[in-house]
Amino acid sequence: MAAFGTDCGPVGPLDGPQGRAWLRAVALAGAGRFAAARALTAGVSDGSFGSAARCLEASMLRQSGRHRAATVPDAAALAIAYTGCEQPVYGMSVALTIDATVGLAADALGTGRYALGARLLSRADEHLAAHDAGAAATAGADGAPSGPVPWWAVPRARLRRDWVAAELAVYSGDTAGAADAVDALLTADPGPGRPRHHAKTLLIAGAAAMASGQADRAAELVENAYRVATESVLNPLRWAGAKMMSGTSGEERGAGAARIAAALEEEWVRDGADLAGV
């Protein structure tokens with residue numbers, strides 16, 4: 001599965017026209033082809049994947065540095081998740097509610113509203129806790145889940161929550177929180193089988209390591225993230241890695257990374273990104 005990697009569990013509702021369109025859009029956005037991804041999400045307007053499509057649109061805006069604009073599709077995603085998602089067996093309504101809530105938290109961080117971001121993350125944690133309690137209540141005698149647990153639903157949303165929690169610590173100057181986030185993220189890392197999520201986890205862990213004074217560890221994590229993103233042609237993450245490397249590597253390597261980032265920016269803008277001073 002190009003969007004989420006290997007062994008993601010039951011496909012379920014993904015195997016329908018809107019699910020397949022959303023999956024293709026996710027894969028295109030991961031490669032930096034934002035215009036093509038937006039063309040697909042425009043046709044996915046309601047139900048579960050309407051919410052997912054709005055979250056993806058918000059994510060592309062954030063990656064372009066437009067956090068305030070991203071609140072509009074994230075808020076729409078949350079409204080749809082609350083009212084229009086009926087896939088309880090796969091936990092989709094919970095996953096989409098968490099996705100949208102975490103997206104709004106990320107939007108808040110990008111505009112310096114750290115207290116709001118923290119409150120939204122707490123709300124996402126409440127949804128996760130309620131989901132976990134429900135799952136425990138219906139588990140079998142051996143503690144195994146009573147139904148399918150696809151990685152692309154709640155587990156993926158949980159990882160996105162961990163990303164934004166780490167970013168909150170970094171952006172707000174919480175050195176201790178950033179240090180704790182490094183190991184937490186590496187424990188949650190889904191691994192090479194899911195290269196996009198693997199690369200982003202390593203990248204955010206690298207930022208947290210840098211923010212907590214672990215310069216050597218940060219450089220290693222960011223370089224690994226950049227390598228994974230390059231091998232898998234994940235240009236937005238490759239660009240982010242190059243930008244970070246330009247400031248954390250030595251002078252010569254840093255200059256080379258800056259040139260790579262500039263070249264990727266040109267390509268990314270041609271493919272539909274509207275980089276707002278990032």
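This is a predicted model: local features need pLDDT of at least 70, side-chain atom pairs count only at pLDDT 80 or more; totals for chains, interfaces and linings use all residues.
**View 1. Glu-57 and Arg-54 pair up inside helix H3.** Here the two side chains meet in a salt bridge, with 2.9 Å from N to O. Both residues belong to helix H3, which covers residues 47-63. They sit three residues apart, or about one turn of the helix. As for solvent, Glu-57 and Arg-54 are both buried.

**View 2. Asp-125 reaches Arg-161 across two helices.** The closest N and O atoms of this salt bridge are 2.7 Å apart. Asp-125 comes from helix H6 (residues 114-138) and Arg-161 from helix H7 (residues 154-171), so the contact ties together parts that are 36 residues apart in sequence. Asp-125 is partly exposed, at a relative accessible area of 30%.

**View 3. Arg-161 also meets Asp-162.** Stay with Arg-161 for this one: its side chain and that of Asp-162 form a salt bridge at 3.0 Å, N to O. Asp-162 has 22% relative accessibility, so it counts as partly exposed, given that buried means under 20%.

**View 4. Arg-62, Asp-74 and Asp-107 make one network.** These three residues are joined by salt bridges that share partners.

**Zooming back out: eleven salt bridges overall.** That is the count from a search of the whole structure, and the views above include the Glu-57 and Arg-54 pair, the Asp-125 and Arg-161 pair and the Arg-161 and Asp-162 pair.

Notes: Residues are numbered from 1 along each chain as its sequence is written. Side-chain values use heavy atoms; hydrogens and water are left out. A salt bridge is a side-chain nitrogen of Lys or Arg within 4 Å of a carboxyl oxygen of Asp or Glu. Helices (H or I, at least four residues) and strands (E, at least two) are DSSP runs, numbered from the N terminus. Buried means under 20% relative accessible area, exposed over 50%, partly exposed in between (1.4 Å probe, protein chains only).
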